Amino acid sequence: MIAFKSRFWRVLMVPVFLSGLLSGAQSLPAASTVKLNGPLPAGGDVGNYTISPDGRYAVYLADQGTEGVKEIYSVSLGGGAPLRLNPPFSPGKNVMGFKISPDSSQVVYLADQETDEVFELYSVPIAGPASAGFKLNGPLVEIAGVVWGDVLSYQISPDSTRVVYR
């Protein structure tokens with residue numbers, strides 16, 4: 001279940017029985033809701049989320065730390081505090097999208113993490129920490145000292161060993 005405010009998502013809420021279903025529980029518990037995201041600043045919202053293929057984590061985008069700065073977070077569906085997966089961003093930088101590897105071990109995300117408006121590809125363990133992340137793409141097109149290239153799209157291989165990007 002998702003709670004809405006205006007046309008933006010305000011909080012990430014998932015039925016409690018979801019983790020039971022994904023772990024093979026035989027019966028459905030009473031429906032209730034658990035808030036997974038951390039506190040949001042005034043005007044902050046959760047942009048989108050995905051449940052990991054193994055059913056253990058929710059990964060979501062939110063301007064949870066600073067209003068207007070979209071960052072990526074992971075939280076265990078079994079409980080616990082959300083963990084920011086990217087390093088701290090300055091205003092103007094954002095995570096634009098992400099995918100979870102089929103084996104649920106990594107989150108691959110697209111962000112202008114190093115240079116504002118230059119979107120590159122990064123990978124980080126789904127359980128963090130952000131410091132374990134690394135850039136996947138090589139150097140982008142540069143003209144007169146200014147980077148003009150961007151990663152436009154990407155896919156993770158079915159065996160989770162490779163990322164192909166354009």
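**Overview**

Six salt bridges are counted in this structure, which is a predicted model. The structure also holds two aromatic pairs.

**Salt bridges**

- Lys70 and Asp45 are joined by a salt bridge whose closest N and O atoms are 2.8 Å apart.
- Lys70 lies in the loop between β6 and β7, whereas Asp45 lies in the loop between β4 (33–35) and β5 (46–51), so this pair ties together parts that are 25 residues apart in sequence.
- Both Lys70 and Asp45 are buried.
- Lys70 also forms a salt bridge with Asp63, with 3.6 Å between the closest N and O atoms.
- Asp63 is buried, as is Lys70.
- Through salt bridges that share partners, Asp45, Asp63 and Lys70 belong to one network.
- A further salt bridge is formed by the side chains of Arg56 and Asp54, at 3.9 Å from N to O.
- Asp54 has a relative accessible area of 33% and is partly exposed.

**Aromatic pairs**

- Tyr60 and Tyr73 form a stacked pair, with 5.4 Å from centre to centre and 15° between the planes.
- Because Tyr60 lies in strand β6 (residues 57–62) and Tyr73 in strand β7 (residues 71–76), the pair ties together parts that are 13 residues apart in sequence.
- Tyr60 counts as buried, at 0% relative accessibility, and Tyr73 is buried with a relative accessible area of 5%.
- Tyr109 and Tyr122 form a stacked pair as well, with 5.4 Å from centre to centre and 25° between the planes.
- Tyr109 belongs to strand β10 and Tyr122 to strand β11 (residues 118–125), and the pair links these distant parts of the chain, 13 residues apart.
- Tyr109 is buried with a relative accessible area of 2%, and Tyr122 counts as buried at 2% relative accessibility.

- Strands of a sheet pair through backbone hydrogen bonds, in either a parallel or an antiparallel manner.
- Strand β9 runs antiparallel to β10 (residues 106–115), and five bridges join the two.
- Lys99 has Val108 in β10 as its bridge partner.
- The charged end of Lys99 sits over the ring of Tyr154, 4.7 Å from the ring centre.

Definitions and conventions
Residues are numbered from 1 along each chain as its sequence is written. This is a predicted model: local features need pLDDT of at least 70, side-chain atom pairs count only at pLDDT 80 or more; totals for chains, interfaces and linings use all residues. Side-chain values use heavy atoms; hydrogens and water are left out. Two strands pair if DSSP finds at least two bridges between them. Helices (H or I, at least four residues) and strands (E, at least two) are DSSP runs, numbered from the N terminus. Rings of Phe, Tyr and Trp (its six-membered ring) pair if their centres lie within 6.5 Å; planes under 30 degrees apart count as stacked, over 60 as edge-to-face and the rest as tilted. Buried means under 20% relative accessible area, exposed over 50%, partly exposed in between (1.4 Å probe, protein chains only). A charge sits over a ring if NZ of Lys or CZ of Arg is within 6 Å of the ring centre and within 35 degrees of the ring normal. A salt bridge is a side-chain nitrogen of Lys or Arg within 4 Å of a carboxyl oxygen of Asp or Glu.
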